[in-house]
Each structure stands twice: as C-alpha cells, then as structure tokens.
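Open the model in your viewer and keep the selection tool ready. Each stop below gives a selection and what to find there.

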Amino acid sequence: HSCSRTVCNHVRNMTDDMLLKLKENNGVVGINYCRSFVREDEGEATVVDLVKHITYIKNLIGIEHIGLGSDFDGISNKDIELKDASMMNLLIEELQRQGYTQEEIDAICYKNVLRVFKDNFKK
C-alpha cells in the first residue's frame, strides 16, 4: 500500500517508474490514507487528497491498477479525514463528485484486488 511520489514526495510512495512496472505485472497499488503519504504539509489528509493520488495513478497506468490500502491498523487516525471504515462513504462520494463511474469505483474498492487474488492464489 502506497501513494504516488509525484503527488506527495514521501520515500515510501511509488515513483512513476515503479507504478509503470506494477502495471507491467498487472498489479494493484493500495492507496494508503496516512497523512505523510498523502500530503507534504501538516494538514489533515482528506478524501480530496486521496482522489488526487487516485486520479494521477489512473491517468498514468489505468484504473485497473488501483485499490485501497487504508492501513487503519497501522496508522494514527488523528490527522486523517477517514477515521475508520465506517467513513468510507466520504471517499465514494468524493469519487462520484469528481466524475468517477460506478464501474471505476467498484474496481477501486474491490474488483482490482479480487482480480489479483484470483490470478495469484489459485487452488
């Protein structure tokens, strides 16, 4: 789980080259909600900030390579808008507001990760 280093210059975020390699391998980047991954200043990481990363990555490598990697169990929720999973509707509403289709939202929320699981964890 990570975000775009072009949008937020954090060492753990993915460079464009890394994202392009991820696409070559048909992988998925799980967008992380951690403030330091999402924005460079000290402000709260908002759903608008998350959608900036999603949109950048979508334009670079395609919607089919984006998932959600919240890290709710590993980060503090004091400086993020999405405090827990009960607030996911805020991200969905922002994606809709910014023109994402239901098909794209479903891909981001579960279908892309499900595809990777099915492709790599066969019985």
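Select Phe117. Its relative accessible area is 45%, so Phe117 is partly exposed (buried means under 20%, exposed over 50%, partly exposed in between, with a 1.4 Å probe and protein chains only).

Show both rings. How many aromatic pairs does a search of the whole structure find? It finds one. The ring centres of Phe117 and Phe121 are 5.9 Å apart and the planes meet at 70 degrees, so this pair is edge-to-face. The rule covers rings of Phe, Tyr and Trp (its six-membered ring): centres must lie within 6.5 Å, planes under 30 degrees apart are stacked, over 60 edge-to-face, and the rest tilted.

A note before moving on. This is a predicted model: local features need pLDDT of at least 70, side-chain atom pairs count only at pLDDT 80 or more, and totals for chains, interfaces and linings use all residues. Residues are numbered from 1 along each chain as its sequence is written, and side-chain values use heavy atoms, with hydrogens and water left out.

Next, select His65. Look in the loop between helix 3 (47-61) and strand 2 (66-68). Is His65 buried or exposed? It is buried, with a relative accessible area of 3%.

Now show what surrounds His65. Leaving aside residues up to four places away in sequence, His65 touches Leu22, Lys23, Asn26, Gly27, Val28, Val29, Asn112 and Arg115. A contact here means heavy atoms within 4.5 Å.

Zoom out. The C-alpha trace spans about 40 × 30 × 30 Å along its principal axes. A compact globule of 123 residues would have a radius of gyration near 14 Å, and the protein agrees, with 14 Å. That radius is taken over C-alpha atoms; the globule rule is 2.2 Å times the number of residues to the power 0.38.

Colour by burial to finish. Of the 123 residues, 41% count as buried. Among contacts between residues at least 6 apart in sequence, 70% join residues at least 24 apart.

Definitions and conventions:
Helix = DSSP H or I, 4+ residues; strand = E, 2+ residues; numbered from the N terminus.
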